[in-house]
Amino acid sequence: MRFIFISVFLLILSCTKDDTGISEKNSDDFNSSLKEDYNRFIFYEGQATYSINHNGLDREYILYIPPNIESRTNLPVIFNFHGYQGRANQFFNMTDLIEIANENGVVLVYPQGAPLDGGPSHWNAAPLNSSTPSFVNKSNVNDLEFFFYLLDDVNQNNILDLNRVYAIGYSNGGMFSHFLACNTENIFAAIGDVAGTMLLDTYNNCNPSSPVPVLKIHGTSDNVVSYNGFDQAGFKTVEDVVNFWKTNNKSNEQFILNNFVSSSWANYMGPVNFEKYIYESNENDSEVIHYKMLGGGHWWDYSLDQNLKTSSLLWDFFSRHSKD
């Protein structure tokens, strides 16, 4: 592992660890070899950028461990995936989760999407070998396998509570959070998606073995990932996405509706009306929550109100869900 740690003293350290190569996500040999390295290395608290080599490609991720935590074990973790062409460091600053992490002892992980020829970064959010591949899948990089490798890499010295692993993403990253939930088994306590969707092949091939609590936030005036979907790109509608997870989670058809009106961070757009739909289940503890942002665009945040910022909404949701 190679990492770069930036402290207030501008001290730069580095360390390397070779990629052992993983062919299956649950390889015993792979996990065993990693654990041997874990016994010799401890992450630093605060923000740092690390690098791992996976399938011959150097992949970076930002890791934030809250300072002054009482214990360096059993910490919840949020994986947050940037949008298409995004940069992990910019997304880390934009999403405003540090205060929540500090107050609640949450580990934050911001992976960097693989670069395409020419530079733009992306997440492959649908099966790679599909007969009708989405145009969003822009390479043959196996991001699903990379996630498993990354999860093991972050969980050095058993720092994480594996009952409280969460994933959320923005735009293309939101698409990837659905793909992860569809293609992992008993990993996530909950997922979220802001301004993303499920891609057609992910939607058609998704068959989770258990309920997955889902938070879906989307603006009705989003002109990049339309609220009403985009058939040519294989973008499902928000209604399709919400209904899929309602069915998977055996949610009740009845819902609770709350309304909020807030000033938008984009003043030229005027106020945004939040419609919060809550779907619960009588058979399990999962829930599906959808924030329908009337007049909202292709944004991460839809409000200037701290209580209605996306970081607050997602932690309010994630904090209620654990696998145990």
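Which residue forms a salt bridge with Arg164? Asp161 does, and the closest N and O atoms are 2.8 Å apart. By salt bridge I mean a side-chain nitrogen of Lys or Arg within 4 Å of a carboxyl oxygen of Asp or Glu. Side chains of opposite charge can pair when their charged atoms come close.

Before I go on, some ground rules. This is a predicted model, where local features need pLDDT of at least 70, side-chain atom pairs count only at pLDDT 80 or more, and totals for chains, interfaces and linings use all residues. Residues are numbered from 1 along each chain as its sequence is written, and side-chain values use heavy atoms, with hydrogens and water left out.

Back to the pair. Asp161 is buried, at 12% relative accessibility, while Arg164 is partly exposed, at 26%. Buried is under 20% relative accessible area, exposed is over 50%, and partly exposed is in between, using a 1.4 Å probe and protein chains only.

The whole structure has 10 salt bridges. Another one joins Lys216 and Asp193, at 3.1 Å from N to O. That pair links distant parts of the chain, with Lys216 in strand E10 and Asp193 in strand E9, 23 residues apart. Helices (H or I, at least four residues) and strands (E, at least two) are DSSP runs, numbered from the N terminus. Both Lys216 and Asp193 are buried.

Now the cysteines. The search finds 1 disulfide, meaning a pair of cysteine sulfur atoms within 2.5 Å. Cys182 and Cys206 form it, with their sulfur atoms 2.0 Å apart. Cys182 sits in helix H5, and Cys206 in the loop between helix H6 and strand E10. In H5, 11 of its 11 residues are buried.
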